[in-house]
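Here is a walk through one model, element by element. Have the viewer open and follow along.

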Amino acid sequence: MSLLFTDSSIQDPETELTHLVFQWLEERGFSESIRALESETQITHNKELVKFGSQLEFIYNEHKELQESMKSLEAVEDEDTEIGIVGDGRIHKHLNDVLDNVHSANILCLRFSPIQGSNIIVTGSTDKTLKITNYLTKEVLNSYTGFASAPFISLDFNPVNPELLLASSVDGSHCIIKIDKDGKGELIQKFNRHKKYVVRVRWSADGKKFASCSYDKSVSLFQEDKSNEGQYEFVKSWEFVTTVESLIFTPDSKYIIAAVKESNYLHYLDTEGDHLIERYNMNVNGDDHVSFSAMEFSITPDNKYLLVSTDLNRLILFKLNSNKQIRNFYGAFNDSYSTTRNVICPSGKYVFSTSQDNLIYVWEIANQKVIAKLDSHRSSVRELTFSPDNLLLASCGFDKRVTLWSNISD
């Protein structure tokens, strides 16, 4: 039974919000605005639908009171003034180029090579190929099919050794591939620890460890094999009750943060001590109701904050190693069936996120406002990544295209 509406079938957040706005407009006599909203949303206003009066105003006042009650001397002293300063307006929103002849099928993942001057971008597709392309000339330098038996879905270059690429596949495997400055690839090591899709792989900041997560409900940790130079060995696996959607290392490389489906907690996995799990409740009021779950992560360039994409049309910026919410970003459409991705601009001033309406949303971190919507893809956007020189943002998706965005207009 719905607490707000007489019709319990209304569960979509957008529809619920629309009916609350209808009520607010009716209570103030804004009949023309109601007709305009009906026309634009194709939703018919029903004044009997909301159980109690003035619900939008009530929710607003409750939120204000909650925010006031959370204020403390410690919170005021902990406020970061830098995060409240707006950026210089140089946003990667200008269409630079489109690579539409790299793959014959949906593109699932991509990464720029960190090797200086290589101009290489690596892409994985449902055509089961891993392709290495010069994004300036648009020439496909090499195409590989033998590294896995199914499509690659996640890529990550080592932050210390720029030739080492982690790649994970739908077949449950992941591997390390050496890619040189000329775009030649060589399989270094392959792992088969998981039983289902390996949905995310990430290196630690020090380049000595990496982690993988899978739909087999586990996270696995690997580290340099000191007895076998150039190789990596399995260290530890953590099991969960539900699937793990994504992960990221903390900047000190000590913890893995895991995004666990149907959980209202951020899970910090200790990689160096007793391998215990420290949990932080994402709910502001501290209850255990699962209203949303984490789906994807990024860390700000100053290493202070964790950006979390959720499965409820919302991104939250947390202070690292805490449950303290710093900013909330609304506007993009992402539910539990989406594969959402986010990145933070190298300046640390802007957040970018994929959305189910095929747009890329951009927010100003200082004021949480949507300041741009990047429109180029004709189908779902699957991945976002910045170039090593920070000049380009790349996106790829189910329209078989790689799109390059610049922060400089032509």
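Which residues in α1 meet which residues in α2? Before getting to that, keep in mind that this is a predicted model.

## The helix pair α1 and α2

From α1, the residues involved are Thr18, Val21, Phe22, Leu25 and Glu26, and they meet Ser33, Ile34, Leu37, Glu38 and Thr41 in α2. Sorted by class, the contact of α1 with α2 has five nonpolar, three polar and two charged residues.

As for the geometry, α1 covers residues 13-27 and α2 covers residues 31-41. Their axes are 9 Å apart, and the helices pack at an angle of about 160°. The cut-off for roughly antiparallel is an angle over 145 degrees, and α1 and α2 are therefore roughly antiparallel to each other. The crossing of α1 and α2 is left-handed.

## A four-stranded sheet, β6 to β9

Next up is an open sheet of four strands, in the order β6-β7-β8-β9, with antiparallel pairing. The edges are taken by β6 (152-157) and β9 (185-191). Each of these has a single partner strand, so one side of each is left without a neighbour in the sheet. From one strand to the next, the twist averages 25°.

Zoom in on β8, residues 174-179: six bridges pair this strand with β9 in the antiparallel sense.

Strand β20 (residues 314-319) runs antiparallel to β21, and five bridges join the two. Within that pair, isoleucine 316 sits opposite asparagine 328 in β21.

What joins β4 to β5? Five bridges do, between β4 (residues 130-134) and β5 (residues 139-144), and the strands run antiparallel. Leucine 130 has tyrosine 144 in β5 as its bridge partner. The two strands form a hairpin with four residues between them, and lysine 138 in the turn has a positive phi of about 70°.

The hairpin of β10 and β11 has five residues between its strands, and glycine 207 there takes a positive phi near 75°. Strands β10 (residues 198-203) and β11 (residues 209-214) pair in the antiparallel sense over five bridges, with tryptophan 203 opposite phenylalanine 210 in β11. β10 is mostly covered: six of its six residues are buried.

## Positive phi in two loops

Most residues other than glycine have a negative phi, which gives some background for the next two. Serine 54, in the loop between α2 and α3 (55-70), has a positive phi near 55° without being a glycine. This serine 54 is partly exposed, with a relative accessible area of 30%.

Asparagine 358 is another non-glycine residue with a positive phi, of about 75°. You'll find asparagine 358 in the loop between β23 (350-354) and β24 (360-364).

Is serine 125 buried or exposed? Serine 125 lies in strand β3 (residues 120-125). Its relative accessible area is 0%, and buried means under 20%, so serine 125 counts as buried. Leaving aside neighbours within four places in sequence, serine 125 is in contact with His103, Ala105, Asn106, Ile107, Leu108, Pro151 and Phe152.

Now for tyrosine 337, which is found in the loop between β21 (325-330) and β22 (342-344). Exposed means over 50% relative accessible area, so tyrosine 337, at 76% relative accessibility, counts as exposed. Tyrosine 337 and aspartate 311 are 26 residues apart along the chain, and their C-alpha atoms are separated by 7.9 Å.

How values were computed: Residues numbered from 1 in each chain as written. Predicted model: local features only at pLDDT ≥ 70, side-chain atom pairs only at ≥ 80, totals over all residues. Heavy atoms only, no water. Pairing = 2+ DSSP bridges. Axes fitted to C-alpha atoms, helices over the stretch in contact; angles between N-to-C directions. Buried < 20%, exposed > 50% of the residue type's maximum accessible area, 1.4 Å probe, protein only. Parallel < 35°, antiparallel > 145°, perpendicular 65-115°, else oblique. Left-handed = near helix turned anticlockwise from the far one by under 90°. Contact = heavy atoms within 4.5 Å. Nonpolar A, V, L, I, M, F, W, Y, C, P; charged D, E, K, R; others polar.
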